[in-house]
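Hello,

Here is the structure we talked about passing on.

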Amino acid sequence: MEEKQRKMAFICSKGTLDMAYPALIMGWAALGNGIDVTLFFTFWGMDLINKHRVDKLELAPVANTSMKMSMMGVKTGNLGIPNIMGVLPGMTAFASKLMRDKIADLDVPPVGEFMQMLVDAGAHMYGCKMSVDMMGLTKDDFIPGVEDIVTAAEFIDMTEDTQIIFI
Amino acid sequence: MASKVLAGKTVEVNEEGFLVNPADWTKEIAAELAKEEGIAELTEAHWKVIDFSRQSAGTTGAAPTLRGITSGSGVSTKELFSLFPKGPAKKVAKIAGLGKPEGCV
């Protein structure tokens, strides 16, 4: 008996550096296991397919209760980065660089390169119609591999029998 | 754990058909495992990936991840997915007589 083809769809709604990776890593793992993968980008997630933004994603330390001083290599246990420090100019860039370096240390590629890997591995990518309209984007703003701009209803239609993960 | 005859040799395999002992592996066994995975013939390009994976596992002790294969062997992502269609992660490791890759990317 022919086994049923498993399908997964990831809705990417966030544009911060840390929230870009979950869909990329799970999508890549799914492709590696022979699963059909679709990625739908909406709202801030549009940054992942925006060629002007994809390699400039950031991570803000303000109000990020999981980001501890110890991430910088200082043995301070549970001591957080004080929000008052986070508002200083350059802190977001600093935290983003820290995270990018940590990711690169694991031989995990930057977001732009990772997106291309997913396309090369056969993932299908779509941009959200409402977000495109709201942000004044066109297909020319997108990285290669984005197949189309679709409405929410079209996405729902194309993901019948698909496991959907919202990020 | 079960034993199985592959290319005339009795080998131990786990419940997913992976060789338990990488030392049991031969090129003939690889060809048979490839057939099980729907790859009729192993070409030179396939061997480039398999040989790299065996070498890499020899050094690190674990099957390389897909990213490890593409960045280490020079085979592109596109090529890797077309050589081992529908799930190269497990297929490469299985055909190369290794365990599943350890690592996410």
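**Helix 2 of chain B**

Helix 1 (27–36), helix 3, helix 4 and helix 5 of chain B are among the elements that cover the buried residues of helix 2 of chain B. Please keep in mind that this is a predicted model.

Which residues of helix 2 of chain B are buried? They are Val49(B), Ile50(B), Phe52(B), Ser53(B) and Ser56(B). These residues sit on the same side of helix 2 of chain B, because they cover an arc of only 160° around the axis. The general rule behind such a pattern is that an α-helix has 3.6 residues a turn, so residues three or four places apart point the same way. On the other side of helix 2 of chain B, the exposed residues are Glu44(B), Trp47(B), Gly58(B) and Thr59(B).

The helix runs over residues 44–60, which is 17 residues. From first C-alpha to last it reaches 24 Å, close to the 24 Å expected at 1.5 Å a residue. Gly61(B) follows helix 2 of chain B, and its phi is positive, near 90°.

**Where the chains meet**

In the contact between the chains, 13 residues of chain B touch twelve residues of chain A. On the chain B side, helix 3 (66–73), helix 4 (77–83) and helix 5 (88–95) each give two or more residues. That side of chain B divides into six nonpolar, three polar and four charged residues.

The largest nonpolar core has 61 residues. Those touching the most other members are Leu39(A), Phe41(A), Leu48(A), Val111(A), Leu118(A), Val92(B) and Ala96(B). Helix 1 (residues 17–32) of chain A gives the most to this core, with seven residues. Leaving aside residues up to four places away in sequence, Phe41(A) touches Cys12(A), Met46(A), Leu48(A), Ile49(A), Gly127(A) and Cys128(A).

**Chain A overall**

Chain A has six helices and five strands. Along the sequence they follow the pattern β-α-β-α-α-α-β-α-β-α-β. The C-alpha trace of chain A spans about 55 × 40 × 25 Å along its principal axes. Of its 167 residues, 28% count as buried. Among contacts in chain A with a separation of 6 or more, 73% join residues 24 or more positions apart.

**Loop residues to look at**

Most residues other than glycine have a negative phi. Two residues here go the other way.

- Asp161(A) has a positive phi near 65°. It is in the loop between helix 6 (152–158) and strand 5 (163–166) of chain A. Asp161(A) is exposed, because 8 other C-beta atoms lie within 10 Å and the cut-off for exposed is 12 or fewer.
- Lys86(B) has a positive phi of about 60°. It lies in the loop between helix 4 and helix 5 of chain B. Lys86(B) counts as partly exposed, with 16 C-beta neighbours inside 10 Å.

Is Ala23(B) buried or exposed? Ala23(B) is exposed, with 9 other C-beta atoms within 10 Å. Its place is the loop between strand 2 (9–13) and helix 1 of chain B.

**Confidence**

The predictor gives the complex an ipTM of 0.90 and a pTM of 0.92. The mean pLDDT of chain B is 91, and 99% of its residues reach 70 or more. Within chain B, confidence is lowest in strand 1 (residues 2–6), at a mean of 84. It is highest in helix 4 of chain B, at 96.

Best wishes

Technical notes:
Residues numbered from 1 in each chain as written. Chains lettered and ligands numbered in written order. Predicted model: local features only at pLDDT ≥ 70, side-chain atom pairs only at ≥ 80, totals over all residues. Core = buried A, V, L, I, M, F, W, Y, C linked by C-beta atoms within 7 Å. Buried ≥ 20, exposed ≤ 12 C-beta atoms within 10 Å, placed from the backbone. Helix = DSSP H or I, 4+ residues; strand = E, 2+ residues; numbered from the N terminus. Contact = placed C-beta atoms within 7 Å. Nonpolar A, V, L, I, M, F, W, Y, C, P; charged D, E, K, R; others polar. Expected span 1.5 Å × (residues − 1). Arc of directions from axis to C-beta. pLDDT = per-residue confidence, 0-100.
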